[in-house]
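Thanks for coming. I will go through one structure today, starting with where its two chains meet and ending with its ligand.

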Amino acid sequence: MAARQYFAPNSVDEALQVIGRHGRIGVVAGGTDAVVGHRSGKSPLADAIVGIHRLQDLNGIKVANDGGLCIGALTSYASLLSSNEVLERYTALADASAIVGSCATRNVGTLGGNIVNASPAMDTGAPLLVFDAVTELRSQARTRQLPIAELWTGPGQSVVADDELLVSVTLPSLPPQSGSAYLRLEYRRAMEIAVVGVAVQITLGADGVVAAASIALAAVGPTCFLVDAAGNAIVGRSLDESSTAEAAAAAADAARPISDNRASENYRRQMVSVVTGRAIQVAAARAAGRTVNIPASQRWREATQ
Amino acid sequence: MTIGDRVPRGDGPEKVTGQAKYTADITMTGMLHARFLYAERPRARIIGIDTAAAKALPGVFAVITQDDMLDVRYGFFVKDRTVFATDEVRFEAEVVAAVAALTPEIAAEAVRLIEVDYEDLEPILDVEDALRDDVDLVHAGFASYEQMAGVDRDRNDCAHMTSVKGDVDAGFAEADVVVSARYRSDMSHAAPIEPHAVIAEWQGERVTIWSTSQVPFPARSQVARTLGIPESNVRIIVPHLGGGFGGKCDVHFETHIAALAKVTRRPVKLVFTRREEFLATDKPRHAAIIDLETGVRNDGTITARRAKIILDGGAYSGDSHFASEISIMMLQGPYRIPNLSAEVHTVYTNRTPSGSVRAPGAPQTVWAVEQHTEEIAAQLGMDPIDFRRKNLVEDGDTGQTGQRFDNPNAAACLERALEMAGYGQELPEGEAFGVSCGWWFSLPVASGAYVKLNADGSGTIVTGAQENGSGSVMGMPALAAEELGMAPEQFSIVYQDTSAGPFDLGSAGSQTTMNNGRAVIDAARQVRDELLQLAAHTLEAAVDDLELVDGAVRVRGAPTVAVTIGELAAQAHGGELLLGKGSGQPLPMPEHDASECVGRLFYPAFAHPSFFCHVGRIRVDQDTGVVQVLDWSAAFDFGTILNPIGAEGQVEGGTVQGIGFGLLEGSIYKDGHQQNASLLEYKLQTAIDAPPIKIAFVGGPAPAGPHGARAIGEPPVVGPPAALANGIAAATGARVRHLPMTPERVWESMQATGVN
Ligand SMILES: Cc1cc2nc3c(=O)[nH]c(=O)nc-3n(C[C@H](O)[C@H](O)[C@H](O)COP(=O)(O)OP(=O)(O)OC[C@H]3O[C@@H](n4cnc5c(N)ncnc54)[C@H](O)[C@@H]3O)c2cc1C
């Protein structure tokens, strides 16, 4: 058995050199996907492991002049949840961050790891989609920007090249009267994986009519994906039972769920409609300036407590 | 400190500070690592096994198969199993070969190099099919197997039992209404956080085995049998055990690892992965099909019940017969039913062998019976609580084999739990209360302990009992201290070592406090007698005038005339030692008559029965079927509560585990393979899923265990799935007849009932 090599580069350039030589598959950020994947035999660790935890340049949240955010790939869920910008303006991302795994997972797991791991059930995927996030990828040869919607190609698959690191994710600024939510259908209250996940971002016009809307789904297709028809179903309308139901139906229509140990295809599809309707309600409430506790998934559980 | 005080457990600090050593923590010089080759198919004939390539891999010290073992079969009730597969593999994780190598990685690589030529056979997976005469036998040689006297079995049915009372046909003839239903439960797992681990080391003809066993003495006898050596040459030591819940009862891999250690002449270590823990440890809770039919009169009087349970025993019988008999005893449960005809079949299939998970056979049966109870009430248009009030057993009523109940607290538990829960109050939309009642037993069996005093007057308890995390062995010092006028902290405990303590059945059957507690008290009383003799001499007083208080023997009425236990112990070491050995006399079984019943073994009646009631307040998300448990109340009549911290801990843990069995825990099978063999896909409850739990202990001391205590460990897990089921039905109007009641199953039931 070949001995394993371990690298812990101190700068992004050094890291890019190492992965230029040994390939990206050995990159470990928080290791919460990498180690589990190795143990289960699904994705054995590479022979050359590249720990990127020392790359301080990749860690942290910067506020751009226009109010957008630039989030380093190494930023943990715990850090995301300590950012007022994330909590107040990119609330769907906060909803998602707050329900990842357990406290330990949220302290160790990173946004970049979640993105590059490319699970169809990942929790930050749908929120990043509705915020039109743009990723920055770097190799020794080049730096490129890629909209998040173009990043994933299938379960566990992305266009991140073998010599590239994900450096950061930029969330464009949002107009006033915007609100968002991410809701996950879950069977228990921690250490859960999405059965169905829905993110909704809504901007209200002065008249209370929906000026812009974006809806994305998780765990019901080979990747997380936007459903334009669902968002469009509420744009230009006020939010009532019928517009919400139309959007929910469009989302369910677009879902491509599979049957697995967690749920059947049919149940998942039905639940897309339910969860979409609820996510719209929460996003709209937040857009209208009302507070809905984070994570929004808790709302239906605590409704009567 | 006295009986009934809240005493924190002695092993707590070392466990929570990480100082406690578990089996997997042990490393030895020259130690090798073991890995197993599994069948990975539910049923096949073995044509040939080629281990040459594996043996040739550098770093491999041994590769063994059944050819290297004695030709003996083992099994507690039916000797149907060999250590490694012989000729045929019968479930996906049957062990075909074992490797010992320098590292776990090399061992795993060697396992991949073993070539087995199989002829795949059609697996037997449906329990109803398995009972048909024209279906293949899981064990073609079943008729030749040795078995325990009294076991009734034939072909694929390895444990057939009946329970017969009165005249059922006449009973049904008297009924105004007959209600029947079928319920199904999936297999579920004990899922202790510590996976199985074993280390074995030989010196000469003797082997020492460190193992994650819940039952070291019964395991030892099976190891001795399969290795062909006397029990005195097998020493099983259990370091701290990281939970068991029954999944570590019986014998597991001790013999495999001992055999590897013998041929390699090195210590060999095995540590299971979580996946192996699901597939290979072969002690899950039985999947079941439960058919119930009950006749009632319009006034709510039950006239007769017919019932049939089919348990999926899996490939080998193991200790399944406990589940068979307990499940049949749940069919009348705490109710007055004059006429009963019930049977249970425990069926061999090509699945992971089932076994004794905490309260074997009970949660799934009570889940069915208690739903049935409320369905009967609904058919009669009676309130389900009133229906229970009318039918719960009372003083003088008889159980299903005629045992007489002496002031049973069944109704008292019901009323107390309802009261704690605030049952009857108006609840918001989607919320409901769910109720379940049930009963349990205290198991009277032999057990032993020594108590000795050291020269400084401190004490040591040497016991055969096994601490699986419940805290029951940790309670022994309080019992000894009470007899000797000492403090519990003055005692150390030597336990979990078959070469040190006398026999004990192990952590099984909720029996530790009941039987080993009796043994410790018996041993302590001998020491007490010895102390009093010594003191009588020293104080020049009659033994009858002496008392043991606060660490000293003193003359009654003259407390200054005293000698400390320390002084007496020091004296004793110059002469006769202060040593007690005890076992005590197990209480007899209650009078009963099981002569009409077939195949009955250990539980023809329930000794010292206890009763319980759970009331859960739940909320069902009407659109998704997700059930949230908001609040819980449970009442038990456990007799004297020796240590409330321990008793409450068992109720809290059992309730949460029972909620897990009710809502999410179930193995998903496809073509003889478990699909969700991981903690990601097999969902246990997490800490924040646990509801607030209110607990009441009802009734006074019971003539069962030490100081009037009854068995506590298993009963708390029995009732929660049933209470949840009744809550779900109350909240949605739909019955879920498949356990676990996952959100999708709840949602489907609502759809089918047209609730939405
Ligand atoms: C107990 C537990 C609970 C979990 N719960 C959830 C949950 O609720 N929701 C959820 O979505 N996920 C969950 N996860 C999955 C996991 O925690 C997240 O996906 C996490 O964000 C992964 O981040 P990481 O830093 O640990 O990634 P790692 O495991 O370090 O890496 C994951 C993958 O991404 C690659 N990678 C990491 N960073 C970079 C980078 N900057 N550039 C290029 N490639 C990179 C790695 O090579 C690897 O292939 C859970 C995991 C565990 C163990």
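Contact here means heavy atoms within 4.5 Å. By that rule, 25 residues of chain A touch 27 residues of chain B. This is a predicted model, where local features need pLDDT of at least 70, side-chain atom pairs count only at pLDDT 80 or more, and totals for chains, interfaces and linings use all residues. Residues are numbered from 1 along each chain as its sequence is written, chains are lettered from A and ligands numbered from 1 in the order written, and side-chain values use heavy atoms, without hydrogens or water.

The buried area between chain A and chain B is about 2400 Å²; that is the accessible area (1.4 Å probe) that two parts lose on being put together, summed over both. Carbon and sulfur atoms give 55% of it. On the chain A side, Tyr187(A), Arg188(A) and Asn261(A) supply 28% of the area buried against chain B, more than any other three residues.

The interface of chain A and chain B has 4 salt bridges, each a side-chain nitrogen of Lys or Arg within 4 Å of a carboxyl oxygen of Asp or Glu. Arg278(A) and Asp621(B) form a salt bridge at 2.8 Å, N to O.

Now the ligand. Which side chain has an N or O atom 2.5 Å from an oxygen atom of the ligand? That is Tyr77(A), a polar contact (a pair of N or O atoms within 3.5 Å). Thr110(A) places a polar side-chain atom 2.6 Å from a ligand oxygen, and a polar backbone atom of Leu166(A) is 2.9 Å from a ligand nitrogen.

How values were computed: A polar contact is a pair of N or O atoms within 3.5 Å; within protein, one must be able to donate a hydrogen and the other to accept it, and residues adjacent in sequence count only if both atoms are side-chain atoms.
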